[in-house]
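Q: I would like to learn how to read helix packing and aromatic pairs in a model. Can we take a pair of helices to begin with?

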Amino acid sequence: MGNILCDGSPVQDDPRNKFQNRQWETSMMTAPCNNCSGFFLAMFCPCCFAYHLRVRALEGRMENYSCCQGYICPACTSKCIPGQDSCPEFCLCLEVTLCENLAISATRLFIQDQREIQTDPCMSLSYKSNNATCSFLQHEPIAAHTIENIPQIQLGDNRLIRFNNCMQILSCLCYILAIFFKELRHLARLVDLLADIIYCLIQACMQAQTHHELNLHPTAMDYGTVPSITSQPKASDRAPLLSSAPPATSPPATSPPPYSDSHSQK
């Protein structure tokens, strides 16, 4: 459903598209299979696991902690939230508890920027034959050749995140309509339950993907060759956020740029 309804292409002005072809070790779609333990930990202990991943992303250097690592409303979080320097562990605990979805997205974006991981390419569901590729989404004819490979399914991380965000918006709209039409109350509760289930699954996929990356490459220097940065993210950059809506051995001293993402946050 998300594969059909939601666009999976990267944001056109996202500078992560210019990173030098370093991809996530696993996509969010395949993360539950490639990292079963991380997926189930994120499913049943999402806040604790989000805390663990942020500490690992910072390589244990909590002096480099800031609320949502500066990705969400930095002008507000840097001034209105005390104790980030004196007691970062407590602040992180509050962050993953009160703003779980933002904390999970911020950790993923921090790792992506620090390690120059390119925004995931999203491809349609397709079969690859020996002479032709037929796309189900584009309704192209299937070539009369023997199919040699297993079907290639790449839903794309952006598409999954956007599908989750759309479900959260739909849930809100259903509750608003239920205020005026009482007969829609049961439908609103059903849609809300479905949206909650989708959020739980997708946040677990996102955390499992991040955990898998950290397991294989604990630091940014563990990738072997270091690609050159063609452009750093700027304040106007956008990237899909999960709603419940240059490489170095240590994180940058300055906070990451803010994001003006237009997606709704639950």
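A: This is a predicted model. In it, α3 and α9 are oblique to each other.

Q: How are two packed helices described in general?

A: Two packed helices are described by the angle between their axes and the distance between the axes. Here α3 and helix α9 (residues 185-216) pack at an angle of about 135°, and their axes are 8 Å apart.

Q: Is the crossing of α3 and α9 left-handed or right-handed?

A: The crossing of α3 and α9 is right-handed.

Q: Which residues of α3 and α9 meet?

A: From α3 come Gly38, Phe39, Ala42 and Met43. In α9 they meet Cys200, Leu201, Gln203, Ala204, Cys205, Gln207, Ala208 and His211. By type, the residues of this contact divide into 8 nonpolar, 4 polar and no charged.

Q: Take Gln207 in helix α9. Is Gln207 buried or exposed?

A: The cut-off for buried is under 20% relative accessible area. Gln207 has 2% relative accessibility, so Gln207 counts as buried.

Q: Which residues does Gln207 touch, not counting residues up to four places away in sequence?

A: Gln207 touches Ala42, Pro46, Phe49, Ala50, Leu53 and Ile104. Of these, Ala42 is also listed among the α3 residues that meet α9.

Q: Now the rings. How many aromatic pairs are there?

A: Ring centres must lie within 6.5 Å to pair, and the count by this rule comes to 2 aromatic pairs. One of them joins Phe39 and Phe40: the centres are 5.6 Å apart with 75° between the planes, which is edge-to-face. Phe40 and Phe44 form a stacked pair, at 6.5 Å centre to centre and 10° between the planes.

Q: Why are Phe40 and Phe44 separated by about one helical turn?

A: Because they are 4 residues apart in helix α3 (residues 36-44), Phe40 and Phe44 are separated by about one helical turn.

Q: What do the ring pairs link into a cluster?

A: The cluster consists of Phe39, Phe40 and Phe44, linked by ring pairs.

Technical notes:
Residues are numbered from 1 along each chain as its sequence is written. This is a predicted model: local features need pLDDT of at least 70, side-chain atom pairs count only at pLDDT 80 or more; totals for chains, interfaces and linings use all residues. Side-chain values use heavy atoms; hydrogens and water are left out. Rings of Phe, Tyr and Trp (its six-membered ring) pair if their centres lie within 6.5 Å; planes under 30 degrees apart count as stacked, over 60 as edge-to-face and the rest as tilted. Helices (H or I, at least four residues) and strands (E, at least two) are DSSP runs, numbered from the N terminus. Axes are lines fitted to C-alpha atoms, for helices over the stretch in contact, and angles run from 0 to 180 degrees between N-to-C directions. Angles under 35 degrees count as roughly parallel, over 145 as roughly antiparallel, 65 to 115 as roughly perpendicular and the rest as oblique. A crossing is left-handed if the near helix is turned anticlockwise from the far one by less than a right angle, and right-handed if clockwise. Contact means heavy atoms within 4.5 Å. Ala, Val, Leu, Ile, Met, Phe, Trp, Tyr, Cys and Pro count as nonpolar, Asp, Glu, Lys and Arg as charged, and the others, Gly among them, as polar. Buried means under 20% relative accessible area, exposed over 50%, partly exposed in between (1.4 Å probe, protein chains only).
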